[in-house]
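Thank you all for coming this morning. I would like to walk you through one protein chain, going from the whole to a few single residues, so please keep the picture in view.

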Amino acid sequence: MYSRVNVTDRIYYLGVNDRRKELFENIWPLPYGVSYNSYLIDDDRTALVDTVEMGTGGDFVGWIKELLGERKLDYLIISHMEPDHSGEIENVVRANPGLKIVGNKKTFQILEAFFGITDNLVEVKDGDVLDLGHRKLTFVMTPWVHWPETMMTYVTEEGILFSGDAFGTFGALSGGVFDDEIDFSFFQGEMLRYYSNIVGKYSNMVQRAFAKLSALPVRTICPLHGPVWRTDPGKVLGLYDRWSKQEGEEGVVLVYASMYGNTARIADYVARGLADNGVKEVLVHDVSKTHMSFIIRDVWKYRGVILGGCTYNAEMFPLLESLTREFEHMSIKNKLLGLFGTYAWNGGCLRRLKEFAERIKWETVAEPVEIMGQPTEEKVKVCDPIFQGMAARLKS
Ligand code: FEO
(Lines give C-alpha, C1' and ligand atoms only; values in the text may rest on other atoms or scores of the structure.)
Protein backbone atom coordinates (compact mmCIF):
# COMPACT_ATOMS: atom_id res chain seq x y z
CA MET A 1 0.00 0.00 0.00
CA TYR A 2 2.80 2.45 0.88
CA SER A 3 6.45 2.73 -0.12
CA ARG A 4 8.99 2.31 2.63
CA VAL A 5 11.21 5.40 2.39
CA ASN A 6 14.21 5.69 4.68
CA VAL A 7 15.62 9.11 5.52
CA THR A 8 18.36 7.26 7.35
CA ASP A 9 18.50 3.86 8.98
CA ARG A 10 15.22 3.50 10.89
CA ILE A 11 13.99 7.00 10.29
CA TYR A 12 11.13 6.81 7.81
CA TYR A 13 9.44 9.37 5.61
CA LEU A 14 5.66 9.08 5.94
CA GLY A 15 4.52 11.86 3.65
CA VAL A 16 1.39 11.84 1.53
CA ASN A 17 0.51 13.79 -1.61
CA ASP A 18 -2.66 15.81 -1.97
CA ARG A 19 -3.52 16.53 -5.59
CA ARG A 20 -7.22 16.92 -4.92
CA LYS A 21 -7.34 20.08 -2.83
CA GLU A 22 -7.88 23.20 -4.93
CA LEU A 23 -6.95 25.83 -2.36
CA PHE A 24 -4.48 25.56 0.49
CA GLU A 25 -5.99 27.19 3.60
CA ASN A 26 -8.97 27.64 1.26
CA ILE A 27 -7.25 30.64 -0.32
CA TRP A 28 -3.97 29.71 -2.10
CA PRO A 29 -4.24 27.74 -5.38
CA LEU A 30 -2.56 24.35 -5.62
CA PRO A 31 -2.15 23.72 -9.35
CA TYR A 32 0.54 21.13 -8.66
CA GLY A 33 -0.82 19.80 -5.35
CA VAL A 34 1.04 19.69 -2.06
CA SER A 35 2.60 17.05 0.18
CA TYR A 36 2.10 16.69 3.91
CA ASN A 37 5.16 15.12 5.47
CA SER A 38 5.42 13.09 8.62
CA TYR A 39 8.39 11.12 9.95
CA LEU A 40 8.82 8.07 12.13
CA ILE A 41 11.91 7.52 14.27
CA ASP A 42 12.35 3.89 15.22
CA ASP A 43 14.91 3.93 18.04
CA ASP A 44 15.00 2.21 21.45
CA ARG A 45 12.00 4.41 22.03
CA THR A 46 9.91 5.38 19.03
CA ALA A 47 8.65 8.81 17.97
CA LEU A 48 6.36 10.12 15.28
CA VAL A 49 7.16 13.65 14.13
CA ASP A 50 3.83 15.23 13.16
CA THR A 51 0.92 13.68 11.29
CA VAL A 52 -0.81 14.59 8.02
CA GLU A 53 -4.01 16.32 6.99
CA MET A 54 -7.06 14.32 7.93
CA GLY A 55 -8.38 12.13 5.14
CA THR A 56 -5.25 12.31 2.99
CA GLY A 57 -3.17 9.56 4.53
CA GLY A 58 -5.35 6.51 3.90
CA ASP A 59 -4.72 4.12 6.79
CA PHE A 60 -2.06 6.39 8.32
CA VAL A 61 -2.29 4.69 11.71
CA GLY A 62 -2.08 1.24 10.12
CA TRP A 63 1.04 2.24 8.18
CA ILE A 64 2.77 3.34 11.39
CA LYS A 65 1.92 -0.03 12.95
CA GLU A 66 3.21 -1.80 9.86
CA LEU A 67 6.55 -0.02 10.14
CA LEU A 68 6.89 -0.62 13.88
CA GLY A 69 5.76 -4.25 13.85
CA GLU A 70 5.33 -5.48 17.41
CA ARG A 71 6.83 -2.35 18.92
CA LYS A 72 4.70 0.46 20.28
CA LEU A 73 4.74 4.14 19.47
CA ASP A 74 6.11 6.00 22.50
CA TYR A 75 6.03 9.67 21.47
CA LEU A 76 4.23 12.00 19.13
CA ILE A 77 6.26 15.18 18.59
CA ILE A 78 4.18 18.12 17.40
CA SER A 79 6.12 20.72 15.43
CA HIS A 80 3.05 22.62 14.36
CA MET A 81 -0.66 22.45 15.09
CA GLU A 82 -2.08 23.73 11.80
CA PRO A 83 -4.57 21.08 10.63
CA ASP A 84 -2.56 20.16 7.54
CA HIS A 85 -0.24 18.46 10.04
CA SER A 86 -2.38 17.82 13.10
CA GLY A 87 -5.30 16.24 11.23
CA GLU A 88 -4.46 12.67 12.22
CA ILE A 89 -3.54 13.37 15.85
CA GLU A 90 -6.81 12.08 17.28
CA ASN A 91 -6.54 8.84 15.29
CA VAL A 92 -2.91 8.35 16.34
CA VAL A 93 -3.71 9.01 20.00
CA ARG A 94 -6.70 6.67 19.93
CA ALA A 95 -4.69 3.87 18.33
CA ASN A 96 -1.73 4.15 20.73
CA PRO A 97 -2.82 4.08 24.38
CA GLY A 98 -0.23 5.66 26.66
CA LEU A 99 1.33 7.63 23.82
CA LYS A 100 3.19 10.68 25.15
CA ILE A 101 2.68 13.92 23.27
CA VAL A 102 5.68 16.25 23.06
CA GLY A 103 5.12 19.97 22.52
CA ASN A 104 5.46 23.32 24.19
CA LYS A 105 3.06 25.29 26.34
CA LYS A 106 1.46 26.97 23.33
CA THR A 107 1.19 23.65 21.47
CA PHE A 108 -0.87 22.23 24.27
CA GLN A 109 -3.21 25.22 24.43
CA ILE A 110 -4.01 24.72 20.75
CA LEU A 111 -4.12 20.92 21.13
CA GLU A 112 -6.81 21.27 23.79
CA ALA A 113 -8.69 23.89 21.78
CA PHE A 114 -8.72 21.70 18.65
CA PHE A 115 -9.08 18.20 20.09
CA GLY A 116 -9.75 18.49 23.84
CA ILE A 117 -6.58 16.47 24.51
CA THR A 118 -5.00 17.25 27.90
CA ASP A 119 -3.39 13.95 28.99
CA ASN A 120 0.06 12.41 28.59
CA LEU A 121 1.70 15.70 27.68
CA VAL A 122 5.47 16.21 27.81
CA GLU A 123 6.13 19.93 27.78
CA VAL A 124 9.50 20.99 26.37
CA LYS A 125 11.33 24.30 26.23
CA ASP A 126 14.10 25.68 24.05
CA GLY A 127 17.13 23.38 24.19
CA ASP A 128 15.44 20.53 26.05
CA VAL A 129 16.59 17.05 25.03
CA LEU A 130 14.60 13.86 24.62
CA ASP A 131 16.71 10.70 24.73
CA LEU A 132 15.39 7.92 22.50
CA GLY A 133 18.31 5.57 23.16
CA HIS A 134 20.71 5.84 20.26
CA ARG A 135 19.45 9.26 19.30
CA LYS A 136 19.00 12.43 21.28
CA LEU A 137 16.45 14.97 20.09
CA THR A 138 16.97 18.65 20.86
CA PHE A 139 14.01 20.98 20.61
CA VAL A 140 14.41 24.44 19.10
CA MET A 141 11.59 26.92 19.67
CA THR A 142 10.88 28.82 16.45
CA PRO A 143 7.71 30.77 17.24
CA TRP A 144 5.78 32.23 14.32
CA VAL A 145 7.41 30.07 11.70
CA HIS A 146 4.51 29.81 11.04
CA TRP A 147 2.24 29.81 14.12
CA PRO A 148 3.18 30.80 17.68
CA GLU A 149 3.71 27.20 18.82
CA THR A 150 6.02 26.14 16.00
CA MET A 151 9.20 24.36 17.02
CA MET A 152 11.88 22.29 15.33
CA THR A 153 13.52 19.04 16.39
CA TYR A 154 17.20 18.33 15.85
CA VAL A 155 18.75 14.86 15.86
CA THR A 156 22.26 15.44 17.13
CA GLU A 157 23.80 12.15 15.99
CA GLU A 158 22.78 12.51 12.32
CA GLY A 159 22.42 16.28 11.96
CA ILE A 160 18.79 15.92 10.94
CA LEU A 161 16.49 18.89 11.39
CA PHE A 162 12.75 18.34 11.44
CA SER A 163 11.92 21.89 10.48
CA GLY A 164 8.15 22.20 10.48
CA ASP A 165 6.73 24.46 7.76
CA ALA A 166 10.11 26.13 7.27
CA PHE A 167 11.95 25.09 4.10
CA GLY A 168 8.76 23.60 2.69
CA THR A 169 7.12 24.16 -0.66
CA PHE A 170 3.88 23.76 -2.56
CA GLY A 171 3.89 20.99 -5.13
CA ALA A 172 3.20 17.32 -4.63
CA LEU A 173 6.13 14.92 -4.85
CA SER A 174 6.12 12.95 -8.08
CA GLY A 175 8.03 9.93 -6.85
CA GLY A 176 11.19 11.72 -5.77
CA VAL A 177 11.31 12.45 -2.06
CA PHE A 178 14.89 13.69 -1.69
CA ASP A 179 16.50 16.75 -3.26
CA ASP A 180 18.79 14.54 -5.34
CA GLU A 181 15.77 12.74 -6.80
CA ILE A 182 13.83 15.77 -8.05
CA ASP A 183 14.01 18.48 -10.70
CA PHE A 184 14.45 21.57 -8.55
CA SER A 185 13.36 23.88 -11.37
CA PHE A 186 9.86 22.48 -10.89
CA PHE A 187 9.82 23.52 -7.25
CA GLN A 188 11.63 26.86 -7.37
CA GLY A 189 8.60 29.01 -8.19
CA GLU A 190 6.32 26.99 -5.96
CA MET A 191 8.75 27.26 -3.08
CA LEU A 192 8.84 31.05 -3.28
CA ARG A 193 5.05 31.12 -3.63
CA TYR A 194 4.77 28.97 -0.51
CA TYR A 195 7.27 31.15 1.35
CA SER A 196 5.68 34.45 0.36
CA ASN A 197 2.09 33.31 0.86
CA ILE A 198 2.48 31.32 4.07
CA VAL A 199 5.67 32.14 5.96
CA GLY A 200 6.81 35.48 4.55
CA LYS A 201 4.78 37.62 6.92
CA TYR A 202 6.96 36.26 9.71
CA SER A 203 10.27 36.87 7.97
CA ASN A 204 11.79 38.56 11.01
CA MET A 205 11.00 35.42 12.99
CA VAL A 206 12.61 33.33 10.25
CA GLN A 207 15.77 35.38 10.74
CA ARG A 208 15.59 34.74 14.49
CA ALA A 209 15.25 31.03 13.78
CA PHE A 210 18.32 31.24 11.55
CA ALA A 211 20.29 32.75 14.40
CA LYS A 212 19.40 29.77 16.59
CA LEU A 213 20.07 27.20 13.88
CA SER A 214 23.48 28.64 13.05
CA ALA A 215 24.92 26.76 16.01
CA LEU A 216 23.70 23.39 14.67
CA PRO A 217 25.50 21.43 11.95
CA VAL A 218 22.50 20.58 9.79
CA ARG A 219 23.10 17.77 7.30
CA THR A 220 19.51 16.89 6.40
CA ILE A 221 16.38 19.04 6.51
CA CYS A 222 13.05 17.28 6.83
CA PRO A 223 10.27 19.85 6.30
CA LEU A 224 6.54 19.29 6.56
CA HIS A 225 5.96 20.01 2.86
CA GLY A 226 7.98 19.10 -0.21
CA PRO A 227 11.32 17.36 -0.64
CA VAL A 228 13.72 16.23 2.05
CA TRP A 229 17.02 18.10 1.69
CA ARG A 230 19.76 15.54 2.29
CA THR A 231 22.29 16.39 -0.43
CA ASP A 232 22.31 20.16 -0.50
CA PRO A 233 20.50 21.61 2.54
CA GLY A 234 22.55 24.78 2.06
CA LYS A 235 20.53 25.53 -1.05
CA VAL A 236 17.21 25.82 0.73
CA LEU A 237 18.83 27.51 3.73
CA GLY A 238 20.28 30.13 1.38
CA LEU A 239 16.96 30.74 -0.36
CA TYR A 240 15.08 31.17 2.91
CA ASP A 241 17.77 33.47 4.25
CA ARG A 242 17.56 35.67 1.16
CA TRP A 243 13.78 35.73 1.00
CA SER A 244 13.37 36.47 4.69
CA LYS A 245 15.67 39.49 4.37
CA GLN A 246 13.23 40.91 1.78
CA GLU A 247 16.00 42.04 -0.52
CA GLY A 248 14.28 42.08 -3.90
CA GLU A 249 16.05 41.43 -7.18
CA GLU A 250 16.36 44.04 -9.93
CA GLY A 251 13.02 43.88 -11.71
CA VAL A 252 9.48 45.17 -11.67
CA VAL A 253 6.04 43.66 -11.16
CA LEU A 254 3.40 45.80 -12.84
CA VAL A 255 -0.13 45.00 -11.72
CA TYR A 256 -3.09 46.65 -13.34
CA ALA A 257 -6.87 46.64 -12.99
CA SER A 258 -8.76 47.41 -16.16
CA MET A 259 -12.44 47.01 -17.05
CA TYR A 260 -12.42 47.86 -20.74
CA GLY A 261 -8.75 47.93 -21.67
CA ASN A 262 -7.76 51.57 -21.23
CA THR A 263 -5.72 50.97 -18.07
CA ALA A 264 -4.27 47.82 -19.64
CA ARG A 265 -2.93 49.88 -22.54
CA ILE A 266 -1.30 52.31 -20.13
CA ALA A 267 0.25 49.35 -18.33
CA ASP A 268 1.77 48.10 -21.58
CA TYR A 269 3.07 51.60 -22.31
CA VAL A 270 4.74 51.75 -18.88
CA ALA A 271 6.14 48.23 -19.27
CA ARG A 272 7.63 49.20 -22.64
CA GLY A 273 9.12 52.29 -21.02
CA LEU A 274 10.78 50.13 -18.37
CA ALA A 275 12.30 47.88 -21.03
CA ASP A 276 13.38 50.91 -23.00
CA ASN A 277 15.18 52.14 -19.89
CA GLY A 278 17.08 48.91 -19.42
CA VAL A 279 14.91 46.96 -16.97
CA LYS A 280 15.06 43.41 -18.26
CA GLU A 281 12.91 41.66 -15.67
CA VAL A 282 9.37 43.01 -15.98
CA LEU A 283 6.27 40.98 -15.16
CA VAL A 284 2.84 42.40 -16.02
CA HIS A 285 -0.24 40.98 -14.31
CA ASP A 286 -3.93 41.68 -14.85
CA VAL A 287 -5.31 41.53 -11.32
CA SER A 288 -8.59 40.14 -12.68
CA LYS A 289 -6.81 37.24 -14.35
CA THR A 290 -3.95 36.22 -12.10
CA HIS A 291 -4.64 34.99 -8.57
CA MET A 292 -3.00 37.19 -5.95
CA SER A 293 -1.00 34.20 -4.73
CA PHE A 294 1.19 34.38 -7.85
CA ILE A 295 1.35 38.19 -7.81
CA ILE A 296 2.50 38.17 -4.18
CA ARG A 297 5.18 35.64 -5.10
CA ASP A 298 6.48 37.87 -7.88
CA VAL A 299 6.31 41.00 -5.74
CA TRP A 300 8.36 39.17 -3.13
CA LYS A 301 10.98 38.38 -5.75
CA TYR A 302 11.45 41.82 -7.28
CA ARG A 303 12.27 45.22 -5.84
CA GLY A 304 9.99 47.33 -8.04
CA VAL A 305 6.19 47.42 -7.95
CA ILE A 306 3.96 49.52 -10.19
CA LEU A 307 0.23 49.56 -9.59
CA GLY A 308 -2.25 50.99 -12.05
CA GLY A 309 -5.97 50.88 -11.53
CA CYS A 310 -9.26 52.10 -12.86
CA THR A 311 -11.86 53.79 -10.72
CA TYR A 312 -14.84 51.65 -9.80
CA ASN A 313 -17.82 53.20 -7.97
CA ALA A 314 -15.57 56.15 -7.06
CA GLU A 315 -13.13 53.74 -5.35
CA MET A 316 -10.20 51.55 -6.27
CA PHE A 317 -11.13 48.55 -8.44
CA PRO A 318 -12.09 45.92 -5.81
CA LEU A 319 -9.62 43.21 -6.81
CA LEU A 320 -6.74 45.69 -6.78
CA GLU A 321 -7.89 46.99 -3.41
CA SER A 322 -7.96 43.43 -2.10
CA LEU A 323 -4.42 42.87 -3.37
CA THR A 324 -3.09 46.03 -1.72
CA ARG A 325 -4.71 45.01 1.55
CA GLU A 326 -2.94 41.66 1.29
CA PHE A 327 0.40 43.42 0.72
CA GLU A 328 -0.21 45.20 4.01
CA HIS A 329 -1.34 42.06 5.85
CA MET A 330 1.79 40.29 4.70
CA SER A 331 4.08 43.07 5.91
CA ILE A 332 5.89 43.26 2.57
CA LYS A 333 8.81 45.68 2.86
CA ASN A 334 11.60 47.38 0.92
CA LYS A 335 9.78 47.99 -2.34
CA LEU A 336 10.03 50.81 -4.85
CA LEU A 337 6.58 51.95 -5.88
CA GLY A 338 5.01 53.67 -8.88
CA LEU A 339 1.29 54.49 -9.15
CA PHE A 340 -1.14 55.51 -11.82
CA GLY A 341 -4.92 55.67 -11.92
CA THR A 342 -7.67 56.17 -14.46
CA TYR A 343 -11.23 57.42 -14.43
CA ALA A 344 -14.05 58.36 -16.78
CA TRP A 345 -15.91 61.18 -15.03
CA ASN A 346 -14.56 61.40 -11.49
CA GLY A 347 -11.57 59.91 -9.75
CA GLY A 348 -11.23 57.60 -6.78
CA CYS A 349 -8.74 54.87 -7.56
CA LEU A 350 -5.62 57.00 -7.38
CA ARG A 351 -6.76 58.61 -4.12
CA ARG A 352 -7.03 55.13 -2.57
CA LEU A 353 -3.71 54.03 -4.08
CA LYS A 354 -2.01 57.03 -2.51
CA GLU A 355 -3.54 56.18 0.87
CA PHE A 356 -2.19 52.66 0.47
CA ALA A 357 1.26 54.08 -0.34
CA GLU A 358 1.21 56.17 2.81
CA ARG A 359 0.26 53.21 4.98
CA ILE A 360 2.75 50.71 3.56
CA LYS A 361 5.64 53.22 3.45
CA TRP A 362 7.30 51.89 0.30
CA GLU A 363 9.54 54.38 -1.46
CA THR A 364 7.71 56.06 -4.35
CA VAL A 365 9.82 56.64 -7.44
CA ALA A 366 7.67 59.38 -9.03
CA GLU A 367 4.61 61.49 -8.41
CA PRO A 368 1.45 59.36 -8.91
CA VAL A 369 -0.47 60.32 -12.04
CA GLU A 370 -4.02 60.06 -13.30
CA ILE A 371 -5.51 59.83 -16.80
CA MET A 372 -9.11 60.61 -17.71
CA GLY A 373 -10.73 58.64 -20.50
CA GLN A 374 -8.85 57.32 -23.54
CA PRO A 375 -5.10 56.98 -22.99
CA THR A 376 -3.99 58.88 -26.08
CA GLU A 377 -0.36 59.11 -27.12
CA GLU A 378 -0.27 62.58 -25.64
CA LYS A 379 -1.95 61.72 -22.34
CA VAL A 380 0.15 58.64 -21.52
CA LYS A 381 3.29 60.76 -21.42
CA VAL A 382 2.39 61.72 -17.83
CA CYS A 383 3.51 58.17 -16.96
CA ASP A 384 7.05 58.67 -18.25
CA PRO A 385 8.45 59.74 -14.86
CA ILE A 386 7.17 56.46 -13.39
CA PHE A 387 9.21 54.16 -15.61
CA GLN A 388 12.11 56.57 -15.78
CA GLY A 389 12.20 56.96 -11.99
CA MET A 390 11.79 53.23 -11.42
CA ALA A 391 14.57 52.30 -13.83
CA ALA A 392 16.92 54.91 -12.37
CA ARG A 393 16.22 53.90 -8.78
CA LEU A 394 16.62 50.18 -9.49
CA LYS A 395 20.05 50.80 -10.92
CA SER A 396 21.22 53.30 -8.33
FE1 FEO B 1 1.85 23.43 6.78
FE2 FEO B 1 1.37 26.18 8.81
O3 FEO B 1 1.02 24.48 8.07
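Among contacts between residues at least 6 apart in sequence, 72% join residues at least 24 apart, where contact means heavy atoms within 4.5 Å. Before I go on, a word on the source: this is a predicted model, in which local features need pLDDT of at least 70 and side-chain atom pairs count only at pLDDT 80 or more, while totals for chains, interfaces and linings use all residues. Residues are numbered from 1 along each chain as its sequence is written, and side-chain values use heavy atoms, with hydrogens and water left out.

Taken along the principal axes, the C-alpha atoms fill a box of roughly 80 × 40 × 35 Å. The secondary structure comes to 12 helices and 23 strands; these are DSSP runs numbered from the N terminus, with helices (H or I) of at least four residues and strands (E) of at least two. Of the 396 residues, 56% count as buried, and here buried means under 20% relative accessible area, exposed means over 50%, and partly exposed is in between, using a 1.4 Å probe and protein chains only.

The domain assignment gives domain 1 (5-244) and domain 2 (250-395), with bounds that come from an automatic or database assignment. Their centres, taken over C-alpha atoms, are separated by 38 Å. How many residues of each domain are in contact with the other? The count is 15 residues of domain 1 and 12 residues of domain 2.

The size of an interface is often given as the accessible area lost when the parts come together. Between domain 1 and domain 2 the buried area is about 1100 Å², of which carbon and sulfur atoms give 67%; this is the accessible area (1.4 Å probe) that the two parts lose on being put together, summed over both. In domain 1, W28, S196 and K201 lose the most area to domain 2, together 38% of what that side buries.

Between the two domains there are 5 residue pairs in polar contact, both residues being at pLDDT 80 or more. A polar contact is a pair of N or O atoms within 3.5 Å, of which, within protein, one must be able to donate a hydrogen and the other to accept it, and residues adjacent in sequence count only if both atoms are side-chain atoms. On the side of domain 1 that touches domain 2, strand 5 (28-29) and helix 5 (184-199) each supply at least two residues, and helix 5 gives the largest share, 7 residues.

Let us now turn to single residues. R297 lies in helix 9 (residues 292-301), and it counts as buried because its relative accessibility is 19%. Leaving aside neighbours within four places in sequence, R297 is in contact with G189, E190, L192, R193, S196 and N197. The C-alpha atoms of R297 and G189 are separated by 8.1 Å, although these residues are 108 apart along the chain.

Lastly, the backbone: most residues other than glycine have a negative phi. N26, which is not a glycine, has a positive phi of about 60 degrees; N26 lies in the loop between strand 4 (23-24) and strand 5, and at 65% relative accessibility it counts as exposed.
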